[in-house]
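Here are a few friendly notes to read alongside the model. Take them one at a time, and keep the structure open as you go.

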Amino acid sequence: MSGPTDTRVLGIVGSPRKDGNTEALVDAVLEGAIGAGALAEKKLLGSLTIGPCKACNGCQKTHECVQQDDMVELLPLMRDSEIWVLGTPVYWWGPTSQFKAFVDRWYGVDPRIFRGKRIIAAVPMGGGNEHYARHVIGMIEDICNYLGMELIASIITPGMNGKDSVRQSRLHIDAARDVGASTVRSIHERDPSLHRAANQPVGS
Ligand SMILES: Cc1cc2nc3c(=O)[nH]c(=O)nc-3n(C[C@H](O)[C@H](O)[C@H](O)COP(=O)(O)O)c2cc1C
């Protein structure tokens, strides 16, 4: 997926269910971002092999994980993307195991990768009350503060019981698109050179 600037957005789908609610929310944010001129890439954690942290502490000496799995392919995308869309459904008041394994592996990553990233959390859930997402959002919020990232927005969608629930909700899709677009625009406003690039036709 691409647009006319070099502002990059990385979408992470933390649900093991392909084409489900998390992916629909992440897609909508990315569509909004592309519409505002960004480049976007999406990764499905359910299709990748990311082993859980072994707590061997090898990374604390080498800044590299002893596990050479699909995290290797994610790291350059994380480094090069100014905006990360972190999507996970609520599973037992927490994130999915796939999402938690991904985040646990940040333990071994050079901390400079995280500083200044803009984070958008996308969290669908079956329950009817946003309160069920409080631990997921709290976890993401605390990690952002700890690692020097900025949590720009949390898109929380209760009552998403069917696989297509998000896609059937124009309200949620539009809200997620708006968040993607406005986050990219805010970067362009802060950096006029990117803003100018966004207003140039593709290929110029
Ligand atoms: C193992 C499992 C645990 C779940 N736990 C919760 C929960 O604690 N609270 C909640 O509101 N929904 C819970 N749900 C429902 C999902 O959050 C909901 O169906 C969500 O829309 C799934 O997103 P997806 O389509 O991207 O997989 C759970 C679903 C599964 C499969």
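1. Let's begin with a term: a residue is buried if 20 or more other C-beta atoms lie within 10 Å of its own, exposed if 12 or fewer, and partly exposed in between, with C-beta atoms placed from the backbone. I143 has 16 other C-beta atoms within 10 Å, so this residue counts as partly exposed.

2. A word on the source. This is a predicted model, in which local features need pLDDT of at least 70 and side-chain atom pairs count only at pLDDT 80 or more, while totals for chains, interfaces and linings use all residues. Residues are numbered from 1 along each chain as its sequence is written.

3. Back to I143: you will find this residue in helix α5 (residues 134-147). Helices (H or I, at least four residues) and strands (E, at least two) are DSSP runs, numbered from the N terminus.

4. Now look at strands β1 (residues 8-13) and β2 (residues 39-44), which pair in the parallel sense over six bridges; pairing takes at least two DSSP bridges. Across this pair, G11 stands opposite K42 in β2.

5. Which residues does A33 touch beyond its neighbours within four places in sequence? They are V9, A38, A40, I83, G180, A181, T183 and V184, where contact means C-beta atoms, placed from the backbone, within 7 Å.

Methods: Contact = placed C-beta atoms within 7 Å.
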